[in-house]
Each structure stands twice: as C-alpha cells, then as structure tokens.
Amino acid sequence: MDSVIVVGGGLGGFTVVQQLRGRGFAGTIAVVDPEGLPYDRPPLSKEFLAGGIDAEQLHFVEPHWFAERHVDVYAAAATAVDLPYPADDDGRVAVTLSDGGRLLADRVVFATGGRARTLPIPGGDLDSLLVLRTRADAEALRSSLRPGTRLALIGAGLIGAEAASVARGFGAEVTLIEPVDPPLVPAIGRELAERLHAMHAEAGIRVVTAAPTAIRATAGEYSIEFADGTVVSADVVLVGIGIEPETALAEASGLDVVGGILTDAGQRTSHPRAWAVGDCARPRHDDGSLGRRAEHWENAMHAGTAAAAAMLGQEPPAPTAPWFWSDRHGVHVEGVGDMSAGETTVTRADASGRVQAAFRLAPAGDGQRVVGAAAIDGGVAVRVARRLIDRGIAADPARLADPSVPYKQLLK
C-alpha cells in the first residue's frame, strides 16, 4: 500500500489520516472534502453557534499540520469512486472530483458522514428550513438569532436541545417541538431524561409535545400545523430529527450497503481496497448479523483508528464502552454504555435531592454488573462507570445509589 484517499473531512476521516501517519505510514495521503480542511462538528450546536469560538478554532489541527506531514487536502466533492473489479485485480482506486480532477490510490476510505433527515410531511422539504450539519448551517442559524426572533425547533434530541439553549441566550422566543416525552430515554434513562427535558420550560422555552402534520411558508412566516388544529408561528424553523447515512458514492461503487456501508471490526467494506468510518458505516458481525450505526463523536474516532490499524496490518486499541456528551442550559451531560440494555436502573441524587446519575444494571452470575450510565455534571461518575463496564466488575446497587460512597470507591 503506497497511497490512500480519504473521502470526507469529519472526525472519522481525520483520525484515519492522523493514525496512518502516527503508525508509520510514509505513503501518499489525500483528503477530499468540499469544505477543505477537516474540522470538528459538535461545537456547531454549542460554542460556535453561541459565538464563543470562531471558524479557525473548529479545525482539529493547525493548517500547517497537513503540509508538514505531506497530506494533500482537496477542497472539492468526490463525484465517483471507481473500485477495481474483480476485487483481486491489480488496478487502482480512482476518485473523480467535482472540479474535474481525478485521483488514484491503492486504498480509499469512505468517511462521507450523513445528511439531515427530512420531515415526511407537506412542507417538510422547503428549501428555507434550516438544518445543523455544517459550519455554514451554524452560521446561517446564528445570523437569524436576535431578541424576539421566533425560532421553532423540530426535534429535541442532542442537537435540538443544544441549539434551543443557545438561542435563548440570544433572546430568541423558542418553541421546541418533540412528539416523544421525554426524549433521550434510550441514551440516558428516563429519570435523567425527565430532568433534562424539564429544563427547557424552566429556561422560558415553549415545549410542544406532538408531531407536526404540515409546514406552510407565507410572506416570510412559517405556520407549523398539528393534528389537533394547533398552529405554531415562527420566523425561523430548524429541523433536527436525525440523519441518514451518506452512502450514494459507496452504492455506486458496488459496495454492500444496508442502512449504512457494511464493515467488519477493522472497518473493511465488501471490497478489499475500501474502508468506511463514522456515521456512514454500519457494522456487520462475523455471523452476518448487522449492528446499529453509531453517530457519536467517539465512535468516529475509534472507527478511524481501527481502519488505519487494519490497513497497516496492526492491532487497534481494545474497544471501550461508547461514550457521548451534551451541553445545554448551563449543565454538562455525559453517557456511557447502553442505557436500554439490562433490566434495572439505580439512581443517585445530588445534594438538592435531584437525580444526578443513573446506572443501568444487568444480571451477572450471582450479582449484577453495570452496562450503562449517565450523569448531569457528573464526569467522575461516568468515568468510573466506564471502567466498571469495560472490566465487567460486579456492582452493588446499594453502593451505586448511596451518595456517601465516593464514586472511585466503587472500583474497589
């Protein structure tokens, strides 16, 4: 292997590049992304949207990092990826660019991410509806936020909740629309989800628990309609109802795609010269069964590391329990593992009696073990829970719930 092309400049793609160089690969590396230099996405709905950091601070590394490591960055879209067939042919991978260029390499990594899901209702495909996936999206939303702006957010997941919190800081009149009450239960458990969701109303955000049936735009104003006749009027509408994996290039290349580009544990696709990482990839297990796509920041980083190691014939670090975080209304939320697995939930309250951490437990021999955890302003709790999960240590539910027991003592 003398050359690699990475299609996509998110965390997964950047990690592949970083790991290849860090693991000793001296061949040619090219990154292809219409936005140019790779940058971080989570701050788009937090610090960047709020104006706390600028566009340059979104970059994973300083621009000179790529030149110093002889990594070529092409600010163009990949319009086609031609893989050699039959798969064992000595031909090279060819990537066609939107500016007419054509790159050749021995391997290609699909790090194409995902696109915002469209509301399947009349008006759900209006071009003027905002989404929040790129730096330009965040800049467009920020430019509309000012005191009195009527902002309607459809979807109260991580991005919707974070954007709602930031918008209130600009003095916008925010309406958060979400049919699930409370959202995020599978990610953080019902107890913490209820506490977090209640913070929206406490911050002056109107919460509508229903699914919109239509969106109409007239003279710069939006009318969001509901089945019971309710209408929400807004100046700006942001839709945040999840993503669809961006797999068109991979499908056109002949790769196996089922709700994502199918990969093994080393992020290899169905073609021996192609890998896939990040939001666009979906695991296919050794027995042929399909796992769930993971759309969190840390998963993209681990996938990039696994792909680089596999391409070089090296062993990647041992996997750890998946972890994520979110910030809204002045609190920091973290989760680890799987809060929808197991059988019971144990909670721990803070000094004011509010649920501060939740631990999901599953039977293990004669006892129980932690399979998931989440906390509000409780980073230590989550770090300890991660060790408990990774090590398979038996847990005492009474000690987990007891605020007099320091979290670190749970490891003893």
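His-329 is partly exposed, with a relative accessible area of 22%; here buried means under 20% relative accessible area, exposed means over 50%, and partly exposed is anything in between (1.4 Å probe, protein chains only). His-329 sits in the loop between β20 (323-328) and β21 (331-337), where strands (E, at least two residues) and helices (H or I, at least four residues) are DSSP runs, numbered from the N terminus. The model is a predicted one, so local features need pLDDT of at least 70 and side-chain atom pairs count only at pLDDT 80 or more, while totals for chains, interfaces and linings use all residues. Residues are numbered from 1 along each chain as its sequence is written, and side-chain values use heavy atoms, with hydrogens and water left out.

Another residue with this kind of backbone angle is Ala-219, whose phi is near 50°, again a positive value in a residue other than glycine. Ala-219 belongs to the loop between β12 and β13, and it is exposed, with a relative accessible area of 82%.

Three strands make up an open sheet in the order β12-β13-β14, with antiparallel pairing; two strands pair if DSSP finds at least two bridges between them. At the edges are β12 (212-218) and β14 (231-234), each of which pairs on one side only. From one strand to the next the twist averages 20°, an angle taken between axes that are lines fitted to C-alpha atoms (for helices over the stretch in contact), on a scale from 0 to 180 degrees between N-to-C directions. Strand β13 (residues 221-226) is joined to β14 by four bridges, and the two run antiparallel. Glu-225 stands opposite Val-231 in β14.

Across from Val-108 is Ala-274 in β18.

Next come the aromatic rings. A pair of rings is described by the distance of the centres and the angle of the planes. Rings of Phe, Tyr and Trp (its six-membered ring) pair if their centres lie within 6.5 Å; planes under 30 degrees apart count as stacked, over 60 as edge-to-face and the rest as tilted. By this rule there are seven aromatic pairs. In one of them, the rings of Phe-14 and Phe-60 have centres 4.8 Å apart and planes at 10°, so the pair is stacked. Phe-14 lies in helix α1 (residues 11-22) and Phe-60 in the loop between α2 (47-50) and α3 (64-68), so this pair ties together parts that are 46 residues apart in sequence. Phe-14 counts as buried because its relative accessibility is 4%, whereas Phe-60, at 22%, counts as partly exposed. Phe-359 and Tyr-407 form a tilted pair, with 6.3 Å from centre to centre and 45° between the planes. Since Phe-359 lies in strand β23 (residues 355-364) and Tyr-407 in the segment after α11 (397-401), the pair links parts that are 48 residues apart in sequence. Phe-359 is buried at 2% relative accessibility, and Tyr-407 is buried at 13%. Phe-14 and Phe-60 also turn up with Trp-65 and Phe-66 in one aromatic cluster.

The peptide bond from Asp-181 to Pro-182 is cis, with omega near -5°, and Pro-182 lies in the loop between β10 (173-177) and α6 (185-188). Pro-245 is found in strand β16 (residues 243-245) and is buried, with 9% relative accessibility.

A search of the whole structure turns up one cavity of 30 Å³ or more. On a 1 Å grid over the protein atoms alone, a cavity is a set of points where a 1.4 Å probe fits but cannot get out, and lining residues have an atom within 4 Å of a point. The largest cavity holds about 50 Å³ of space, a volume being the space filled by probe spheres set on the grid points, which are joined across faces, edges and corners. Among its lining residues are Pro-183, His-197 and Arg-328. Helix α7 (residues 190-202) gives the largest share of the lining, four residues.

Notes
1 Å grid on protein atoms, 1.4 Å probe; cavity = no way out; pocket = protein on both sides within 12 Å on 5 of 7 lines; lining within 4 Å.
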